[in-house]
Amino acid sequence: MPTLHQFDYIFAIAMIFAFLDAWNIGANDVANSFATSVSSRSLTMRQAMIIASVMEFGGAVGVGARVADTIRTKILSTKAFEQEPTILMLGMTCALIGSSTYMTVATRIGLPVSTTHSIMGGVVGVGIASLGVDGVNWGWKGVSQVFAAWAIAPGVAGSFGAIIFMITKYSVLKSSNPVRNAFISVPIYFAFTTGILTMLIVWKGAASAASAVEAWGPGEYIGVIFGVGIGCGLLSAILILPYLHRKLNLNDWELQWYDAFKGPLLLQRGEVPPNPNGQQELIQDYYRGHKTREQLECDGVEITNAPNDVETNTPPSKDIEAGARSSGDISDSAVDSVKVRTGPWYAPKNLFYIAKKAFLHGVDVDVVAEQKKSSILVGNLEEMHARAAHYDNKAEHTYSMLQILTAATASFAHGANDVSNAVGPLAAVYLIWSTATLASKSPVPVWILCYGGAAIVIGLWTYGYNIMRNLGNRLTLQSPSRGFSMELGSACTVVMATRLALPVSTTQCIVGATVGVGLCNGELKSINWRMVLWIYGGWIITLPCTGIISGCLMGIIINAPQWG
């Protein structure tokens, strides 16, 4: 039973804005992470949302922190509130209001921001309002982390992403036989990727097992990381390579996705029978809708100093015209599928339709087509994409599986770690409200983790498309090999920063990796620098904006005149 019944309203307000904060984590942070997978067509919108939902909720509830810092990022000391814990309860509520309000505005205008820095700014504002400037930790372990992260996270992630893509580019994509070399690289990349992602889960995601992990010695770390990596590499060679051989080399049109579990038995299948529907491509064109240099020149547009393309026969796409026609939040295909409601709005069938449209309308959005809409931040997208080389489509297909693996596992670690941005302050409010006590660590009940995980999933499904359509191809040309390099480069940065206690944000890492891989095209104009500056500006104003909102609210409340 709660102890401080007189402050039930504060707890209720904290519940509301903690949900809104977690909703924005899903709509902004998670959507930002999956923008590369959807933009490269490795995943459809529906597939991305299903995978992200399972991984984010599983990470948040399964291995999310059962104990969180009462004050995130050690900006303030709990000792200052020992005499009046209810002031901290109010402060954490104001921090959630400031963070969620700013995040909502940023998500609405399509600005990817760091949720960690957002709640940090809220706490800074509360600290200044209640304790003064000297009560805030401005050192390296405090606010200075934010300023350092502006350079550290994008720079390191961009370097890792560029290195990975350059290795892939010259050893596989530009080789004389890219499909053969892609087959050779698949087990190697699977082993390396799963090893890196195991480190990501163990060191960043498995917060509930932190005490057990901290007791591990070098032997346990090496055994787990190399064991998982080598094991997954061998499994990919046994299961995936025979499947890819039948699909890409033999054009087996009868092959189904579940045939991959047959492994080497696929090699004993007979010849591929003729396709009664005629010769059809078994894999999609990952460059569909992105014109090459030659195609633009045929249209009368001159592009100079563009890299040579391996593929020059990519057909022009009608996605651009479709994107230009669509002016709302939902693509034409979604609008065409809408059925006109008949009868009163409160009729059961209409209520179901309204609920379905509110929750699932984002699934029908064609993100790639939406990214081609003209705006002041987009510029000449066709010309920018034409400066990037198009590589062998079958070789690209082999990296789509790796990209899905990277996105899914990084999403699991993200859910385990970043859910505390929303539920950490809520857990502190709940602790004080229910016990009237204060501690440096707040226990996080499972129901709060479920509450935050559910809000993240709802945010992704209802509005995640808005961030996705503002990233991806609007920054630089996306393809499975590029997207895999971006996501793995981001994961490597998070792993390294976690062990070295460096301040990084997953949002800043993926954007930095995107720019790094884009630079591998060899031309600065293959990157949309206006969009990069727009995103960077959003990072800079995050802490001041959330701090001002929460600080002003906190200051007004604790200094407000009272009757009598």
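This briefing covers cavities, a pocket, salt bridges and surface features of the structure above. The model is predicted. A search of the whole structure finds 2 cavities of 30 Å³ or more. A search for salt bridges across the whole structure finds 8. Helix 15 gives the largest share of the lining of the largest cavity, and helix 8 gives the most to the lining of the second largest pocket.

**Largest cavity**

- The largest cavity holds about 210 Å³ of space.
- Its lining counts 17 residues, and Ser33, Ala410, Ser411, Ser490 and Thr506 lie nearest the centre.
- At least two lining residues come from each of helix 1 (8-39), helix 6 (178-205), helix 15 (393-418), helix 18 (480-500) and helix 19 (506-519).
- Helix 15 supplies 6 residues, the largest share.
- By type, the lining has 8 nonpolar, 6 polar and 3 charged residues.

**Second largest cavity**

- About 50 Å³ of space lies in the second largest cavity.
- Helix 1 and helix 19 are the elements that give two or more residues to the lining of the second largest cavity.
- The lining consists of Asn32, Ala35, Thr36, Leu471, Gly472, Leu475, Gln478, Ile510, Val511 and Thr514.
- Its residues split into 5 nonpolar and 5 polar, with no charged residue.

**Second largest pocket**

- The second largest pocket holds about 930 Å³ of space.
- Of its 31 lining residues, Tyr243, Trp257, Ser400, Met401 and Ile404 lie nearest the centre.
- Helix 2 (45-62), helix 6, helix 8 and helix 15 each supply at least two residues of this lining.
- Helix 8 gives the most, with 7 residues.
- The lining divides into 20 nonpolar, 9 polar and 2 charged residues.

**Salt bridges**

- Side chains of opposite charge can pair when their charged atoms come close.
- Arginine 387 pairs with glutamate 383, with the closest N and O atoms 3.1 Å apart.
- Arginine 387 is buried, because its relative accessible area is 6%, under the 20% cut-off.
- Glutamate 383 has a relative accessible area of 24%, so glutamate 383 is partly exposed.
- Arginine 387 also meets glutamate 523 in a salt bridge, at 2.5 Å from N to O.
- Arginine 387 sits in the loop between helix 14 (381-386) and helix 15, and glutamate 523 in the loop between helix 19 and helix 20 (529-558), so the pair ties together parts 136 residues apart in sequence.
- Glutamate 523 is buried, with a relative accessible area of 10%.
- Glutamate 370 and arginine 469 form a salt bridge at 3.1 Å, N to O.
- That pair links distant parts of the chain, 99 residues apart: glutamate 370 is in helix 13 (residues 367-370), and arginine 469 is in the loop between helix 17 (446-468) and helix 18.
- Both glutamate 370 and arginine 469 are buried.
- A network of salt bridges links Arg246, Asp252, Asp259, Lys262 and Arg269.

- Ile222, Phe226, Ile230, Leu234 and Ile238 form a nonpolar surface patch, with about 510 Å² of accessible area together.
- Leucine 234 lies in helix 8 (residues 218-249).
- Leucine 234 counts as exposed, because its relative accessibility is 52%, over the 50% cut-off.

**Helix 16**

- Helix 16 (residues 420-435) is mostly covered, with 14 of its 16 residues buried.
- Leucine 431 is in helix 16.
- Leucine 431 has 12% relative accessibility, so leucine 431 counts as buried.
- Leucine 431 and proline 443 are 12 residues apart in sequence, and their C-alpha atoms are 7.5 Å apart.
- Alanine 436 follows helix 16, and its phi is positive, near 60 degrees.

Definitions and conventions. Residues numbered from 1 in each chain as written. Predicted model: local features only at pLDDT ≥ 70, side-chain atom pairs only at ≥ 80, totals over all residues. Heavy atoms only, no water. Patch = residues over 30% accessible without salt bridge, like charges linked within 9 Å, V, L, I, M, F, W, Y side chains within 5 Å. Areas by Shrake-Rupley, 256 points an atom, 1.4 Å probe, with all protein chains shown as cover. Salt bridge = Lys/Arg side-chain N within 4 Å of Asp/Glu carboxyl O. Helix = DSSP H or I, 4+ residues; strand = E, 2+ residues; numbered from the N terminus. Buried < 20%, exposed > 50% of the residue type's maximum accessible area, 1.4 Å probe, protein only. 1 Å grid on protein atoms, 1.4 Å probe; cavity = no way out; pocket = protein on both sides within 12 Å on 5 of 7 lines; lining within 4 Å. Points joined across faces, edges and corners; volume = space filled by probe spheres on them. Nonpolar A, V, L, I, M, F, W, Y, C, P; charged D, E, K, R; others polar.
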